[in-house]
Amino acid sequence: MVGAVVVHDGRIVGEGFTQPFGGAHAEVCALRAAGDAARGATVYVSLEPCNAQGHTPPCSEALIAAGVARVVYAAADPNPAMRGGAERLRAAGITVLGGVEAQAAHDQNPAFFHRFGSDRPFVTLKLARSLDGATTDASRARGWLTGPSARREVHRQRSEHDAVAVGVGTAVADDPLLTVRGVAAPRVPPTRIVFDRTGRLPLLSALVTSMPAAPLIVIGDAIPEAKRALLEVAGASVIVAQGLTAQLRALREVGVGSIYCEGGPTLADALLAADIVDRLVIFTAPVLLGVDAVRPLQAGAPLSIHSAARLRLVSQRRLGDDLMAIYDLTSRVHRTR
């Protein structure tokens, strides 16, 4: 997701954003909107202009051809196949300034930047909890903690990821579909993933019987060959790998670049204990569930108030009566006394 603005003599003369897959990039859209007013103008763009032919011609050449005087960009392009736009613009005599609001640009496209620096998918962990930190009541009864606005936001966030995942415990207890509903449909439906260590996912579960609503991957440590064969006959892909880290790498190898994890407390604790969560999304509902309710986030050794890492708050928002907070776990800050 990239945006661009063309400014001439202190006035915005063109704006644009990258079009759906295969369409024009932000700079080209903004330049088209500006027309002749782009000559001598400054272009502000959230990502360094690309410098290679992809599905569209390089934006660096479009900016040069338009006669802009200055380009200000937020984040350098991490894609080695596309980077170099800043150098090309400078070589053409255009003034270039980079790194302006770089953190904001990274926060807007975290999975994109992660993709070029890691061998595993970008992992978002979503939790809905009560004011007293519980994800469900003591009976583990099925039901919604959050209201309609928050649930709609969850579907929107699902649509922004390559895959949506749960642990097998949640798959058995809730029998979810894990599809995107009630919001704009993504170009490619997210793959549905079940972390299932020993192959417990029922063949009559909604995840299996709803195919081909979206692809389904079942991944675990020791899925029996007989269960694996039955799942594959039903249309699912089955991956066997030892441990969460290896499983995530295996998912990356089959094209999963980002995962939205909605599993219950077991999967949440496992992901956090393995230190493989990049972004934490917490929806807090205005209810109290009591001392015996189920609480996640118990992973790891006990920490003191002085040694615990401080998470960076990316954003927070009210959705009806619920509160959503998004935290970045890739840049934890440890306090000192």
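**View 1. Glutamine 157 and its contacts.** Setting aside neighbours within four places in sequence, glutamine 157 is in contact (heavy atoms within 4.5 Å) with Tyr260, Val281, Phe283 and Met324. Its side chain joins that of tyrosine 260 through a polar contact of 2.8 Å. A polar contact is a pair of N or O atoms within 3.5 Å; within protein, one must be able to donate a hydrogen and the other to accept it, and residues adjacent in sequence count only if both atoms are side-chain atoms. Glutamine 157 counts as buried because its relative accessibility is 4%. Buried means under 20% relative accessible area, exposed over 50%, partly exposed in between (1.4 Å probe, protein chains only).

This is a predicted model: local features need pLDDT of at least 70, side-chain atom pairs count only at pLDDT 80 or more, and totals for chains, interfaces and linings use all residues. Residues are numbered from 1 along each chain as its sequence is written, and side-chain values use heavy atoms, without hydrogens and water.

View 2. Helices (H or I, at least four residues) and strands (E, at least two) are DSSP runs, numbered from the N terminus. Helix α6 has 12 residues, 148-159. At 1.5 Å times one less than its number of residues, α6 should span 16 Å; its end C-alpha atoms are 17 Å apart, which agrees. Buried residues of α6 include Ala150, Val154 and Arg158.

**View 3. The buried side of helix α10.** In α10 (residues 244-253), Leu244, Gln247, Leu248, Ala250 and Leu251 are buried. They cover an arc of only 160 degrees (directions from the helix axis to the C-beta atoms), so they lie on the same side of α10. Among their packing partners are β6 (122-129) and α11 (265-273).
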